[in-house]
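The entries below follow the order in which I went through them.

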Amino acid sequence: MKLIFRCLAVIAGALLSTIVYAQGRPDSHAPIGVMGDHTHAKGEFMVSYRYMRMTMKDNLTDADDISPVEIVTTIPNRFFGLDGQPPTLRVVPTEMTMDMHMLGVMYASSDRLTLMGMVNILSFGMDHTTYQGGMGTNVLGGFTTESSGLGDISIGGLFKINDYFQANLGISIPTGSIEEQDQILTPMNMEPTVRLPYPMQLGSGTWDLLPGVVYFQKAESVSWGAQVRGTVRLGENDNEFSYGNKVMTTAWGAYRLASWLSSSLRFGFSAINGIDGIDPEIVAPVQTANPDFQGGHILDGHLGVNLIGQSGFLKGQRISAEFGIPFWQSLHGPQLQTTSVLTLGWQYAF
């Protein structure tokens, strides 16, 4: 808490300070959890690697906790009536992890325009509990589903409007699979291999528009900024659905502790629409197979640190970390709630 109050105090005091610019400062970029936050000088390249781990545990309906027993006794199965489908949900996700490796490159074709590309490698794991038969609360067993591989690739441009504002526009290319499969445990004690539900797929299957705008400013020992980003789905994919549009807003402040070290405090808010349409191959008595149980609203907070090399081989290289937790979530559920997000990164400009 002392760090939080210190960051807020220095940011407030900096509003009366003289604005300066120094590309070599540790806080001259946004926290590592913010994408597409800065442009470069003409002819400059930057390569980057980010690793992000998101963990999820326990379920919410709107902003309220809901237990596995409540889910299997009160939540209808939208596929009831089809062969072998019980009247209520019988499989409940209990935990999930997502690991993402992001490889990026930026090139400034001019002082105002920086081109950007990013490749994502994803890995998902989800634990489930299966309840026996068509009714009741007897646990049959548990199982884990996994998927991994190339995600969607994004390319775009970052346009410097003036010293404080920047506009972004990108395209997400549907290179990630939307037909991942794994073995499950059904309520009838069978173990078929099926197409995995929506949260376990690697891509969107659609071409997506990625607009955004960034505000960023610096003073003697602090910097602060804000970003609004969107994801707009451009149609339906080959499996007859599209993931929901997204709007993500974030604001941050950073305090320069030394010439090579800064700390940051960031808050974010995300609004994600539900899925439009349905994949006819995703049919199961589990909440993740229901396109209505997707999306929601999340308010979160993050603490971060940035380090930058000052001379020799390390000059221009950045190592960053950020850890965040949600303060409030309201999900179109039941859905697993996010419990933490860890982002680590390395950036090198030359």
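I searched the whole structure for salt bridges, taken as a side-chain nitrogen of Lys or Arg within 4 Å of a carboxyl oxygen of Asp or Glu, and the search finds 8. I note that the model is predicted, that local features need pLDDT of at least 70 and side-chain atom pairs count only at pLDDT 80 or more, while totals for chains, interfaces and linings use all residues. Residues are numbered from 1 along each chain as its sequence is written, and side-chain values use heavy atoms, with hydrogens and water left out.

I looked up Asp 292 and found a salt bridge with Arg 78, whose closest N and O atoms are 3.6 Å apart. This pair links distant parts of the chain, 214 residues apart: Asp 292 is in the loop between β15 (276–277) and β16 (296–308), and Arg 78 is in the loop between α2 (68–74) and β3 (91–108). Helices here are DSSP runs of H or I with at least four residues and strands are runs of E with at least two, numbered from the N terminus.

For burial I used relative accessible area, with buried under 20%, exposed over 50% and partly exposed in between (1.4 Å probe, protein chains only). Asp 292 is exposed at 52%, whereas Arg 78 is partly exposed at 41%.

I then turned to Asp 279 and Arg 195, whose side chains meet in a salt bridge at 3.0 Å, N to O. Asp 279 lies in the loop between β15 and β16 and Arg 195 in strand β9 (residues 193–195), so the pair ties together parts 84 residues apart in sequence. Both Asp 279 and Arg 195 are buried.

Next I checked Glu 322, which forms a salt bridge with Arg 266, with 2.8 Å between the closest N and O atoms. Because Glu 322 lies in strand β17 (residues 317–349) and Arg 266 in strand β14 (residues 261–272), the pair ties together parts that are 56 residues apart in sequence. Glu 322 is buried, with a relative accessible area of 2%, and Arg 266 is buried at 8%. I also recorded that salt bridges with shared partners join Glu 179, Arg 195 and Asp 279 into one network.

Last, I looked at the overall setting of these pairs. The protein has 2 helices and 17 strands, and buried residues make up 49% of its 350 residues. Its C-alpha atoms fill a box of roughly 70 × 40 × 30 Å, taken along the principal axes.
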